[in-house]
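Here is a short report on a single protein chain. Look over the sequence and the model, then read on.

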Amino acid sequence: MSAPASNRLTLATKITLLRVFLIPVFVMCLAYKKPGIALVVFIIAGVADGVDGYIARRRGEMTELGAMLDPIADKLLMFTAYMMMGISEQIPIWLAVSVVSRDLLLSIGCLMLFMSVGFQTPSPSMLGKTTTTAQMVTAGAALLAAALGAETNIVLLSTYLITCALTLASGIHYLFFVGTRMIYEKPDDDQAENSTPATRN
């Protein structure tokens, strides 16, 4: 008899773990100034992000482990990419600071809310998804420019500015609007006891 999906390491979860293991490889590529290889690793991780979710839904292998690892893999990759590229000046430091600071503040805020009122982190909003997509495209564009030895032009600068604006806007949205809703829309005790975390893959 096969184990329940929530209790075994599914194919989708293995792919998610691969994304996590690719992060040190990505860091080494940036540290040794190999932006071309780093771009390839970044693209593989991005494609795997879509593949693991599709496989989980297709095969009905939605697990709590996958639901926990998926956002962690996303955040670790983006946090690492912007921190490393900011330090190496492959992207403007103000962009790196905005992305890294937002992720840190949101992580701390969600942890504090969870500890105080027992809520799970909110589901990604359209603004949040748009911001994540913009951050990934921008990081990929910056890596491509570094690999080609291209200078920052008006198109790349515009991408940086748009991504920074979206990052700040989504950070404000989560911290104030979603945070306030989580605090003041606390369910009753019976509903809280019967609720379970959502699962993805």
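In helix 2, the buried residues are Pro35, Ala38, Leu39, Val41, Phe42, Ala45, Ala48, Asp49, Asp52, Gly53, Ile55 and Ala56. Buried means under 20% relative accessible area, with a 1.4 Å probe and protein chains only. Helices are DSSP runs of H or I with at least four residues, numbered from the N terminus. This is a predicted model, where local features need pLDDT of at least 70, side-chain atom pairs count only at pLDDT 80 or more, and totals for chains, interfaces and linings use all residues. Residues are numbered from 1 along each chain as its sequence is written, and side-chain values use heavy atoms, leaving out hydrogens and water.

Helix 2 has 25 residues. From first C-alpha to last it reaches 36 Å, close to the expected 36 Å at 1.5 Å a residue; that expected span is 1.5 Å times one less than the number of residues. Its buried residues pack against helix 1, helix 3 and helix 5. After helix 2 comes Gly60, with a positive phi near 65°.

Now the whole chain. It holds 7 helices and 0 strands. Of its 201 residues, 38% count as buried. Take contacts (heavy atoms within 4.5 Å) between residues at least 6 apart in sequence: 83% join residues at least 24 apart.

Next, the interior. A nonpolar core is a set of buried Ala, Val, Leu, Ile, Met, Phe, Trp, Tyr and Cys residues joined through side-chain atoms within 4.5 Å. The largest one has 28 residues. Phe26, Phe42, Tyr82, Met85, Ile91 and Leu143 have the most contacts inside it.

| Helix | Residue range |
|---|---|
| Helix 1 | 11-31 |
| Helix 2 | 35-59 |
| Helix 3 | 64-87 |
| Helix 4 | 93-117 |
| Helix 5 | 126-148 |
| Helix 6 | 154-184 |

Helix 3 gives the most to this core, with 6 residues. Another core lies apart from it, of 5 residues, among them Ala12, Ala48, Ile55 and Ala56.

Finally, the search of the whole structure finds 1 cavity of 30 Å³ or more. A cavity is a set of points, on a 1 Å grid over the protein atoms alone, where a 1.4 Å probe fits but cannot get out; lining residues have an atom within 4 Å of a point. The largest cavity has a volume of about 80 Å³, the space filled by probe spheres set on the points. Its lining includes Arg19, Ala45, Asp49 and Asp74. Helix 3 gives the most to this lining, with 4 residues.

Conventions
Buried < 20%, exposed > 50% of the residue type's maximum accessible area, 1.4 Å probe, protein only. Helix = DSSP H or I, 4+ residues; strand = E, 2+ residues; numbered from the N terminus. 1 Å grid on protein atoms, 1.4 Å probe; cavity = no way out; pocket = protein on both sides within 12 Å on 5 of 7 lines; lining within 4 Å.
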